[in-house]
Amino acid sequence: MSTIRLLPSHLVDQIAAGEVVERPASALKELVENSLDAEATKIIINLDDGGLGGISVVDNGFGMNKDALLLAVKRHATSKLPDANLSQVKSYGFRGEALPSIASVSDFEISSKAHMMEHGWQIRIEHGSISSPIPVAIATGTTVTVRGIFEKIPARRKFLKTQRTEAGKCLEVVRQLAMTKPKVSFKLNETGKNLINLPARTDDYSGIRERLSDVMGSGFAKEALMLDANKDTTSLTGLIGLPTMNRPTTQHMSIFVNQRSVRDKQLVGVVRAAYGDTLPRGRYPVAVLFISVALEDVDVNVHPAKSEVRFSDPRVIRSLIVGAIQSALRGNSALATSEGGTNLFNRLSLRTPSTKTASIHSTYYPKKNVIDTGDALETQNSTFKDVSTEDMFNGVSPRARTNDENDYSKIEGQKDFLESRLGAARAQYHKNYIISETHEGIIIVDQHAAHERLVMEKMKSELSSKTIKTQMLLLPEIITLLPHHLEAVIHHFETLRQLGLIIEAFGNDSVIVRETPALLGEVDAQKLVNDIAEELVGLSNSTSLEDKISYVLATIACHSSIRSGRILSVAEMNQLLREMEITPNSGQCNHGRPTYISLSLSDIERLFGRR
Ligand code: ADP
Ligand code: MG
């Protein structure tokens, strides 16, 4: 039998490091958190090879004296729990593990000078052996340099990814921390190249917005909706993107609990759920949420890297999030992100046909306007179709074109709607796209998408007042379905009935449709039922009935008779625009795509090289 003995301390540190330091980015997180805990206002980070080669963090925090420095690199030594109470953690750190853990898997050097001290002290740790402190001349603050993480532990080194991936993770760490600390300036250089440069901001509302704009992009910060809600000692603030600014992953959602960035699947799910049917399935919003709870109501000690927390009452948090997001969206749901306009702009500037203009756009247009749309390059390669004047007017509603000496208000005796948010309808192209004019520019509306949403919202309100009107089919339609589709439809007869679709079983492989929702007008019942069946089969068992209803409703609304391909008069177009302005959620169709995009006059001028 082998003897039991205590592990040597350098092994204990390495084992702990496995939990705390997974990769360069996790070491960096610990180091920057230490700088923030030390009240630094300026933090400079240098990475070599995405952190694989080395990391250094320089801060101007309160620093340490010689004794503190010697203790700092010892296990379980912390200055952050003065009353030794784990339920009162105000700082990022509290475990006293990070420095010894990092030092145990790297070549480590720390220099620090406390305020009022004549000079600082430096310690090196190599292979777990601590050098005695030597004096160094540095400014007040602390500098930590880490080289060759995991170099001596090939098994762990193997799991690290490429320099680019690791650098990306480091950037993300700094972006997250920077969001909660607007007053601190951050600079990050990677192998000599500056990648992050965030000036200090104020920590009031406008400063936070500026910082989020620096970190998330001004497009987001400008149009994002503000959250501000509280209940008892819990509060929620933050910015959330419009539904049409949606993304395929949860990566663009940042949630902070008492300033700590947390990755909590449940909270992410709650935020997603609050957006409801304004987002397409499988898409996620862009959002930054700051949750603040009383220290005793949250346990931060449930995860070694402190990226998860546990609430004493998660329900309060959930209802606060859902309530705040829904009320913000309700007030602004008819808006669509201007990302659509920006994307359009990017494409148009890429499509600019002749070589002459191509050189103009490379000199005149700032580069960022021609990158970043994922499929922009694809568009670039597609052949530009030269449009003759004649072609251009094909598909335009003839009535819309009757232009009475530039006085649009004379057309069909229409009031001019330039002042309205979606502007005055001017023309319709390809039987589906309404072009309207506002004081600031032009708006292009996808009439089909918009109409779908209007029908959906009407049906929702009819549904909630239980007044869904149906129309009886003169000839009930018999529809044969695939066995699994048939089963799903039969299973949901009652739900469908509530939505105005009266269906019964017919024989053993068919259903018979007797009534359809009146709002849809004349429908292709066969196609409608097939689409619904497919939708129902695609929904998982765990989807709530409420969600099922809204997905099915979206599918039904899709079948409304005024789909693309209908020529509208100017009056009808304006009516559609006015309805969109007052209909909730009308900024996006039932699949979460924008219903309109806007191009500002200045964008248009830039397209023509006038600016
Ligand atoms: P923790 O942050 O959990 O206390 P660490 O191992 O990260 O544990 O740090 C140990 C101690 O070293 C901290 O409690 C703090 O007193 C000191 N320390 C670490 N980094 C800094 C820094 N950048 N500035 C000032 N003090 C620091
Ligand atoms: Mg720490």
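## Around ligand 1

Let's start with ligand 1, which has 19 residues around it; the ones that come nearest are N34, T78, S79, K80 and G96. Keep in mind as you look around that this is a predicted model.

For T78, an N or O atom in the side chain sits 2.5 Å from an oxygen atom of ligand 1. For N34, the distance from a polar side-chain atom to an oxygen atom of ligand 1 is 2.8 Å. Ligand 1 has a nitrogen atom to look at as well: 3.2 Å separates a nitrogen atom of the ligand from an N or O atom in the side chain of T142.

## K183 in its loop

Next, find K183. You'll see it in the loop that runs between α6 (163–180) and β8 (185–190).

Which residues does K183 touch, leaving out those up to four places away in sequence? They are T41, A200, R201, T202 and D203. Take A200 from that list: 17 residues separate it from K183 in sequence, yet the two are 4.8 Å apart in space, going from C-alpha to C-alpha.

## Where α19 meets α20

Now hop over to two helices, α19 (residues 525–538) and α20 (residues 545–558). They pack at an angle of about 155°, and their axes are 10 Å apart. An angle over 145 degrees counts as roughly antiparallel, so that is how α19 and α20 lie to each other. Their crossing is right-handed.

Who makes the contact? On the α19 side it's L528, D531, I532, E535 and L536, and on the α20 side it's Y551, V552, T555 and I556. Sorted by class, the residues of this contact come out as six nonpolar, one polar and two charged.

## Where α17 meets α19

Helix α19 has another partner to check out: α17 (residues 483–491), whose axis comes within 9 Å of the axis of α19. How do these helices cross? The angle is roughly 85°, which means α17 is roughly perpendicular to α19.

From α17, the residues making this contact are H484, H485, A488 and V489. From α19, they are N530, A533, E534, L536 and V537. The class breakdown here is five nonpolar, three polar and one charged.

Terms used: Residues numbered from 1 in each chain as written. Chains lettered and ligands numbered in written order. Predicted model: local features only at pLDDT ≥ 70, side-chain atom pairs only at ≥ 80, totals over all residues. Heavy atoms only, no water. Axes fitted to C-alpha atoms, helices over the stretch in contact; angles between N-to-C directions. Helix = DSSP H or I, 4+ residues; strand = E, 2+ residues; numbered from the N terminus. Parallel < 35°, antiparallel > 145°, perpendicular 65-115°, else oblique. Left-handed = near helix turned anticlockwise from the far one by under 90°. Contact = heavy atoms within 4.5 Å. Nonpolar A, V, L, I, M, F, W, Y, C, P; charged D, E, K, R; others polar. Near = heavy atom within 4 Å. Polar contact = N/O pair within 3.5 Å; in protein donor to acceptor, adjacent residues only side chain to side chain.
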